[in-house]
Amino acid sequence: MGKIAIYPGSFDPITYGHIDIIERATKVFDKVVVAVAYDSGKDSLFSVEERKSFIEKVDWPKGANIEVDAFQGLLVEYVLKKKGNVVVRGLRALSDFEYEFQMALINRKLSEKVETMFLMAGENFSYLSSRTMKEIISLGGSAEAFVPKHVEEALRKKLRK
Ligand code: PNS
């Protein structure tokens, strides 16, 4: 059976940084499930359905085996239900490490069956975050270099009154 990676996150909204990690993961695993979390502990700008549809509309490389899904509740339970082998998370900089390390260890305590693997974001993407995208757009800037066109349009619609 093929190896399935689960890539969970808020994706509020998806950026080229996330897309870079997903494309890297498709080269290592047979299938990548991009899982939008209902329970991320953050207030989100977009609904889970909106966030899912932004990911679905990305121009993914031909043949890339990517499923877009949403999950509620604990990540480890979702991973086991999906018969996933590992959780993939992206690391941009050292500042991500503490939070990611804590999350990976908590998930390991919750289930010994779930491994976490980290992929390093490409250096062009290491400074991107969904939070800064919202700030740029709400202050009238362009996020063209950071998010796909349909995502930039959705951000503009939502944030520029
Ligand atoms: O993109 P984010 O916001 O860094 O993703 C965080 C996410 C969604 C992966 C994390 O909050 C999560 O796994 N939420 C599901 C609930 C859960 O399992 N919590 C316990 C692990 S910390």
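Rings of Phe, Tyr and Trp (its six-membered ring) are taken as a pair if their centres lie within 6.5 Å, and planes under 30 degrees apart count as stacked, over 60 as edge-to-face and the rest as tilted. The model is predicted, with local features needing pLDDT of at least 70 and side-chain atom pairs counting only at pLDDT 80 or more, while totals for chains, interfaces and linings use all residues. Residues are numbered from 1 along each chain as its sequence is written, and side-chain values use heavy atoms, with hydrogens and water left out.

**View 1. Aromatic pairs.** Five aromatic pairs are found in a search of the whole structure. Y7 and F11 form an edge-to-face pair, with 5.3 Å centre to centre and 70 degrees between the planes. Y7 counts as buried (under 20% relative accessible area; exposed is over 50%, partly exposed in between; 1.4 Å probe, protein chains only), because its relative accessibility is 6%. F11 is likewise buried, at 2%. Y127 and F146 are also edge-to-face, at 6.2 Å centre to centre and 90 degrees between the planes. This pair links distant parts of the chain, 19 residues apart: Y127 lies in the loop between β5 and α5 (130-138), F146 in the loop between α5 and α6 (149-159). Helices (H or I, at least four residues) and strands (E, at least two) are DSSP runs, numbered from the N terminus. Y127 is exposed, with a relative accessible area of 54%, whereas F146 is buried at 17%.

View 2. Five strands form an open sheet in the order β3-β2-β1-β4-β5, with parallel pairing; two strands pair if DSSP finds at least two bridges between them. Strands β3 and β5 (115-120) stand at the edges with a single partner strand each, so one side of each has no neighbour in the sheet. The twist averages 35 degrees from one strand to the next. Six bridges join β2 (residues 31-37) and β3 in the parallel sense, and V34 has V68 of β3 as its bridge partner. Helix α2 packs on the sheet, touching β2 and β3, and its direction makes about 150 degrees with that of β2. Axes are lines fitted to C-alpha atoms, for helices over the stretch in contact, and angles run from 0 to 180 degrees between N-to-C directions.

**View 3. Surroundings of N65.** N65 is located in the loop between α2 (48-56) and β3 (66-71). At 40% relative accessibility, N65 counts as partly exposed. Leaving aside residues up to four places away in sequence, N65 touches D30, K31 and V32, where contact means heavy atoms within 4.5 Å.
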